[in-house]
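Opening my notebook on this one.

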Amino acid sequence: MPATAAVAPPPTAPEQLAARLSSGDSDESLLPTLREIKNQIIGNRTKKLLYLRLRAVPKIVALLSSSSSPSPVIIQAAAAVGSFACGVEEGVRAVLDAGAVPHLTVLLSHPDAKVVDSAARSLRIIFQSKLAPKYDFLLEENKTFLLSLLNSTNENITELAASIVAHSCEKPTEQTSLCDAGVVQKLVSLLGGSSNQRDTSLDAISAIVKNNPEVATKFVSISNGKAFNSLMGLMQDRYPRTRLLACVCLISIEQAFPVYFQEMQIKTKLILILLDLIEEAGRVGDEAPFVLKGLIGESEELHRQALSVTAAERLCGYLRKGKAVLEARRLEGILLVLAELGSKLEQSRAQLIELQVPSLIIDLLKHDCAQVRVAACHVIKNISRSLKHLCAGRFGSESIVMPLVQLLCDSSTSVQTAALDAICNVAVNLTTKKSVLLQSGGVSILCQLARSMHSEVRLKSVRALRNLMFLLDRKDKDLILTELTVSTLTILISDPDPLVQEQALALAGNFVDGSGVSTKFIFSEDISIIDAVSRQLKGECSPGMCIQGMFFLANMAAENESQKDAVMDCILPTSLDLSISHPNSFLVTFLQSKERLLRLSTLWCLINLVNPDQRNSFRVSALQGAGIISQLKTMVNDPCLDCKLRVRMVLERCLENRE
């Protein structure tokens, strides 16, 4: 007969295996049950969730503390607990709720070395989760426990110790306390161990030195700089993850103790290594762009250096070659680095535009991952800050505007707000050619979002409408306000959020800027924009709100006589008797403000009110009675040259009116 291959038995159903855990079976039966559960859930999220519903975790954790459990059962139970906690938050939560951490901690003192190894490995997996409990290292017993783990000759236990430090050490007092206790020196000694020991130690060192100049200073002085040199050497390690963690550690030191990184050579090396690591497979390549963004963030010097080593070209190359196949996390990171490069320097924005970055990322505005869509919006927001290209109307094309408008209806609020940020910049468009945004249905959606219950969405929608209103012709301005409605604008001017109030006042100011303002929008028996502005200015409001309110009144006062009269009624109490003084005008307070723009906007309002003609003599008399002219005379030597010139203009026009 021909030989036949042995056929593996079919896997046992999870329901049966979970039932066996509490059936009182012998240890000989429990062992294969635990082993099969562990094998079924490794790398299988669906199976893990199924066993969680079957309440398997509490039964397995109970075996860890049972005095009757033999070592083989404990080893398999501990391994299964670690598997449940690996990569699935629900699994971590179930393990913690079942009380696994204290039981596994006790097992670190078990006489069987294999039990100790299994418990240490599982604890290390648990402490990689943000849900894991944190040790308070200001408590002496916790510090003593940590040092006992670091002094162990067991590699798994020392790795666990480093993982606990990386997870728990956040407060500056804890960082300093651990440093003074010799923990940093212990971690440095592990840098010469196995690759796992190096990686966990690097993580822990980063946590201890982060944002702590005192600890960073002590670190670089360990053994006359040998510890720091070890980190420099690990940037060239054969293992990509070690190289990445060494970069993270060095960046933490640089940001805490920048004096030690005066030479650009180290920073340049970090940039180049991180650019190389983006090509690595798996988690290293996914995390590398985020580390690079953290390195160059907020530094014009490092932006220039990154450009000089062709960072923009390489990042764009990654997008061209693999944006269809790259993991979402890596795509997000690459986009955020490009956004960072475009955030400060016009030179950077010009280079990104030359590399056709806007065209590269249009498809990514429709990506399945919300974080990628958000990052793509950030790129457009920062690149579109280029004054040169705004003037040319480069960002007003349909290919860019339409995908952004579609994102305004996204189910994710974070995507909506990111799209609004981009549209805010695109809408500035220093030409009058805004037809794409006006005709795309964007105005209607922006007006709907301006009524949102979410304050951030409301704020950014009003800001986008404000920018869109800028430099529009009168017909299009009227169309926007008709869509928004005067009622909504007056409500926004009195919004509970002061930032929304400020943007609404600026929107109103842009609307009345220019000639031909329709009085039906400004004055109404029931609703009046100018009344809403007046109420805000007479109340307690921020300087920014006052500035925008005064620019609104200045634009109003630049028009016809009826609008000038309305502004006078706003800034001064109405009275037919011009001999009555009006000492309570808020304009005097504004003219005394330390805010240059508030003084300047108030002066522009006065300039427009007192343009020489026959009727303005009455306004000058009213301003004199309110003490405003007297205040102006004290400002002839204002420290702001612009304000000084406007003060003289007002006083000269007042004199002309009297004559």
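Predicted model: local features only at pLDDT ≥ 70, side-chain atom pairs only at ≥ 80, totals over all residues.

**Overall build**

I began with contacts (heavy atoms within 4.5 Å): of those in the protein with a separation of 6 or more, 70% join residues 24 or more positions apart. Residues are numbered from 1 along each chain as its sequence is written, and side-chain values use heavy atoms, with hydrogens and water left out.

Next I looked up secondary structure, taken as DSSP runs numbered from the N terminus (helices: H or I, at least four residues; strands: E, at least two). The protein has 42 helices and 0 strands. Its radius of gyration, over C-alpha atoms, is 34 Å, well over the 26 Å from the globule rule for 659 residues, so the protein is more spread out than a compact globule. That rule is 2.2 Å times the number of residues to the power 0.38. I also got the C-alpha box, roughly 120 × 65 × 50 Å along the principal axes.

For burial I used relative accessible area with a 1.4 Å probe, protein chains only: buried is under 20%, exposed over 50%, partly exposed in between. Buried residues make up 54% of the 659.

**Cysteines**

How many disulfides does the structure hold? I found 0, a disulfide being a pair of cysteine sulfur atoms within 2.5 Å. Cys 570 is in none, and its nearest cysteine sulfur, that of Cys 605, is 8.1 Å away. From the Cys 605 side, the closest cysteine sulfur is the one in Cys 570, too far for a bond. Cys 570 counts as buried at 3% relative accessibility, and Cys 605 counts as buried at 0%.

**Single residues**

I checked backbone angles, since most residues other than glycine have a negative phi. Asn 211 has a positive phi, near 55 degrees. Asn 211 sits in the loop between α13 (195-209) and α14 (213-220), and is exposed at 57%.

Thr 310 also turned up, with a positive phi of about 60 degrees. I placed Thr 310 in the loop between α19 (300-308) and α20 (311-322); at 37% relative accessibility, Thr 310 counts as partly exposed.

Last, I looked at Thr 268, in helix α17 (residues 264-277). Thr 268 is buried at 13%. Leaving out residues up to four places away in sequence, Thr 268 touches Gln 305 and Val 309.
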